[in-house]
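Reader: Can you walk me through this structure? Keep it quick.

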Amino acid sequence: MNILIVGCGKVGQRLAGQLCRDEDNDITIVDIRRNMVINTTNRFDIMGIVGSGTNIDILMEAGVEDADILIAVTGSDEVNMLACLMAKKLGNCQTIARIRKPEYRKALSLLKEDLGLTMIINPEQAAAMEIARVLQFPSAIQIDPFAKGKVEILKMRIPGGSVLNDLQVCDISAKLNCDILVCGVERGENAFIPDGNFTLKAGDYISIIASLQNGANFFEKIGVKTNRVKDTMIVGGGNTAYYLAAQLIKMGIKVKIIEKNSERCDELCDLLPKATVICGDGTENRILLEEGLERIDSFVSMTSIDEENVMLSLYAKSKTDGKVITQINHVDYENVIDSLDLGTTIYPKDITAEYILKFVRAKNNSIGSNIETIHLILDGKAEALEFRIKENSPVINISLDSLSLKSNILIACIIRGGKIIIPKGQDMIIPGDTVIVVTSHEGFEDISDILK
């Protein structure tokens with residue numbers, strides 16, 4: 001595929017890095033910052049053009065006439081929309097725009113139609129959705145939905161003294177009488193897609209796949225609380241905080257927002273009449289304690305400064321047993337941040353790239369099946385992909401233990417007519433199934449890619 005990326009920030013770079021791994025993709029980036037273009041093209045061995053994505057000559061030079069997809073992820077919503085509109089007129093390609101401003105939210109369906117946009121992604125709203133999902137199941141560090149929410153991959157840390165400590169993966173279902181599958185394990189710097197003989201240890205981060213009911217049943221069996229939170233404290237009143245608060249209020253969760261800008265506080269009071277808005281500096285311990293930090297069910301730090309968010313979350317974890325969530329806006333130090341045990345960390349830029357990557361992979365699939373969903377798991381070291389199986393797929397009507405699979409691949413779940421199947425060796429895939437595959441390989445686009 002010919003893919004044109006307008007905008008060479010963190011999201012643009014991440015997309016370029018992911019998409020260029022497929023040798024069938026020809027990637028060209030466009031950005032007005034010469035140094036960013038040079039650094040990115042040298043890093044990923046792709047084409048780059050210095051200039052504006054709204055300049056016809058620049059777009060033509062970048063090959064918009066032959067492009068299959070244009071992805072506009074600059075820091076300006078207006079530039080992104082105009083670049084997509086021009087690309088549609090010049091080359092009639094598929095277009096994806098990152099649009100962030102809340103004032104455009106109600107007009108998105110109109111904008112999508114009039115501008116010919118194939119997909120619109122709002123990073124703040126997407127991040128808010130991820131956080132709201134975690135607050136419904138606070139024991140999980142990360143939740144990735146599949147099959148329209150019927151199946152989830154849930155990530156948790158095995159605490160000391162857990163029944164899971166020193167337990168082999170193959171013995172979990174029988175010992176706990178629950179229908180789940182461990183599909184990933186993180187131990188230190190290493191990530192594993194375990195077989196049945198893999199032994200779990202306290203301190204491991206494990207990812208399980210299960211239906212909603214079976215996932216909740218598993219957590220109860222291992223003595224972990226599963227009830228969603230009743231209230232939350234949010235420090236920072238930006239766009240993500242607004243989207244999150246609006247979602248939580250609809251869920252019946254009480255919301256308290258601490259924001260130091262008085263004008264923004266007035267706006268939030270108008271936008272969110274059911275929320276409690278406190279005008280104050282949330283980085284002051286005194287204010288947090290006065291507003292009930294020690295009694296709160298959940299705490300979300302989402303100021304515009306990552307260092308503040310990290311320190312706030314560390315302080316909150318020292319004062320409350322509630323769920324703590326940290327928003328990280330920049331990804332340069334994610335390995336260091338992940339080592340701090342902040343609870344759940346949310347990277348809006350990663351979420352944005354993941355959403356777009358899913359769309360591009362789905363468009364680029366071959367005739368055997370379609371990618372319905374894709375999520376990065378195991379701290380980005382593996383992918384979980386949801387495939388829709390078609391009649392001519394090479395994996396159908398063969399028992400799973402007879403399939404010649406590549407290494408580091410796990411067929412984790414089969415969804416058939418609404419029924420969730422945690423597969424065994426004698427199970428078969430048939431046309432019409434949805435299949436979830438976990439793999440450390442990159443760039444899979446079709447179910448046939450799992451075969452040797």
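Predicted model: local features only at pLDDT ≥ 70, side-chain atom pairs only at ≥ 80, totals over all residues.

Reader: How many salt bridges does the structure hold?
Author: There are 14. The term means a side-chain nitrogen of Lys or Arg within 4 Å of a carboxyl oxygen of Asp or Glu.

Reader: What does R14 form a salt bridge with?
Author: D350, with the closest N and O atoms 2.4 Å apart. R14 sits in helix 1 (residues 10-19) and D350 in helix 14 (residues 348-363), 336 residues apart. Helices here are DSSP runs of H or I, at least four residues, numbered from the N terminus.

Reader: Is D350 buried or exposed?
Author: Buried, because its relative accessibility is 17%. Buried means under 20% relative accessible area, exposed over 50%, partly exposed in between (1.4 Å probe, protein chains only). R14, at 26%, is partly exposed.

Reader: New topic. Which residues touch the most other members of the largest nonpolar core?
Author: I5, I71, I234, L244 and I450, out of 73 residues. Helix 6 (residues 123-136) gives the largest share, seven residues. Such a core is a set of buried Ala, Val, Leu, Ile, Met, Phe, Trp, Tyr and Cys residues joined through side-chain atoms within 4.5 Å.

Reader: What's in the second core?
Author: That separate core has 24 residues, including L59, A67, A83 and L115. A83 is also among the buried residues of helix 4.

Key
Residues numbered from 1 in each chain as written. Heavy atoms only, no water. Helix = DSSP H or I, 4+ residues; strand = E, 2+ residues; numbered from the N terminus.
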